[in-house]
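Trainee: I would like to go through a structure with you, step by step. Can we look at it together?

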Amino acid sequence: MLDLDAGAYAAFVWPAFAITAGVLIWLVVDSLARASQARAELERLGKEDDAG
Amino acid sequence: MAHMVSFLTNPRAFMAFSRIAAPLLGVATTGALLVGLWLGFTAPEDYQQGDSIRILFIHVPAAWVAMFSYLCLGVASLLSLVFRHALADAAARACAPLGAAFTALALITGSFWGRPTWGTWWEWDGRMTSVLILLLLWLAYIALRASIDDEARAARAGAILALVGLINLPVIHFSVYWWNSLHQGSSTFRAEAGDRLPDVYLTPLLLMSLAYMGLFGALWLVRIRTEVRRRRIRVLTLRAAEG
């Protein structure tokens with residue numbers, strides 16, 4: 001049974017999960033955004049991205 | 001072994017491999033994360049720690065990945081320093097923001113767990129202080145590399161700092177045994193029978209740890225790919241400037 005009621009510990013459990021989610025999502029978004037920028041820059045320089 | 005070294009020195013082979021491996025790791029990570037979270041939030045609350053036990057599922061994996069990623073930085077730095085492999089240095093540089101983030105998460109989630117469990121957000125004991133030093137090492141590595149324009153010199157200086165910092169890893173691991181500490185010892189693989197986590201907590205913990213390792217692996221590959229491209233862009237830009 002799913003238990004999302006952290007009771008007296010809610011003030012500790014949910015901020016810990018929220019900060020974790022925020023940091024992990026930021027890592028994914030930042031990594032993909034930088035990858036996309038680098039690909040676009042190579043294309044702008046007229047080089048096919050033949051490195052993969 | 002020779003094949004592995006040749007793979008590590010060959011950016012083209014790495015790019016072909018990582019193009020497939022990164023998304024596959026991403027899919028595996030998502031699966032492990034979803035099942036781990038489900039099992040974590042369907043597990044009964046602990047008889048002593050109540051619902052605060054659920055912080056276990058995000059704190060311990062973050063701490064494991066924090067240490068594992070620094071070991072990766074150390075190995076990449078050694079290969080970069082000794083063999084001057086460009087890809088090894090790209091791997092070292094790409095690892096740093098990820099390692100810093102996971103180390104910060106280990107400290108923050110530990111603090112949110114420590115307050116209800118120990119009655120304090122922070123204690124200058126061996127485990128917490130050595131993990132804080134790990135975070136400072138990551139930040140120093142990032143700052144050092146950013147402060148040197150010459151990429152070869154930045155790689156060398158960063159590698160030396162990273163290798164010196166490796167001494168902190170056994171200190172973190174053994175800190176709870178060497179010094180009196182609020183932090184508990186191992187309750188997973190090396191725990192004695194009475195200290196071992198019951199399977200109802202151990203299973204989601206291991207799944208979440210796999211998810212964190214998978215996420216680190218996938219993002220590391222993505223960031224190494226970006227670093228390889230960044231270096232290529234730099235060479236092309238310099239060539240264009242030289243006419």
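Mentor: Here are some questions and answers on this model.
This is a predicted model, in which local features need pLDDT of at least 70, side-chain atom pairs count only at pLDDT 80 or more, and totals for chains, interfaces and linings use all residues. Residues are numbered from 1 along each chain as its sequence is written, and chains are lettered from A and ligands numbered from 1 in the order in which they are written.

Trainee: How many helices does the secondary structure of chain B come to?
Mentor: Helices are DSSP runs of H or I with at least four residues, strands are runs of E with at least two, and both are numbered from the N terminus. Chain B has zero strands. Its pattern along the sequence is α-α-α-α-α-α-α-α. The number of helices is eight.

Trainee: What share of the residues of chain B count as buried?
Mentor: A residue is buried if 20 or more other C-beta atoms lie within 10 Å of its own, exposed if 12 or fewer, and partly exposed in between, with C-beta atoms placed from the backbone. Chain B has 243 residues. The buried share is 40%.

Trainee: Is α2(B) roughly parallel or roughly antiparallel to α8(B)?
Mentor: Axes are lines fitted to C-alpha atoms, for helices over the stretch in contact, and angles run from 0 to 180 degrees between N-to-C directions. Helix α2 (residues 11-42) and helix α8 (residues 199-242) of chain B have axes that come within 7 Å and cross at roughly 155°. Angles under 35 degrees count as roughly parallel, over 145 as roughly antiparallel, 65 to 115 as roughly perpendicular and the rest as oblique. So α2(B) and α8(B) are roughly antiparallel.

Trainee: What is the radius of gyration of chain A?
Mentor: Chain A comes to one helix and zero strands. The radius is taken over C-alpha atoms, and the globule rule is 2.2 Å times the number of residues to the power 0.38. For 52 residues the rule gives 10 Å, and chain A is well over that, so it is more spread out than a compact globule. Its radius of gyration is 20 Å.

Trainee: How many residues of chain B are in contact with chain A?
Mentor: Two residues are in contact if their C-beta atoms, placed from the backbone, lie within 7 Å. Chain A brings 31 residues to this contact. For chain B the number is 35.

Trainee: Is B:R84 buried or partly exposed?
Mentor: B:R84 lies in the loop between α3 (56-83) and α4 (86-118) of chain B. Its phi is near 55°, a positive value in a residue other than glycine. With 13 C-beta neighbours inside 10 Å, B:R84 counts as partly exposed.
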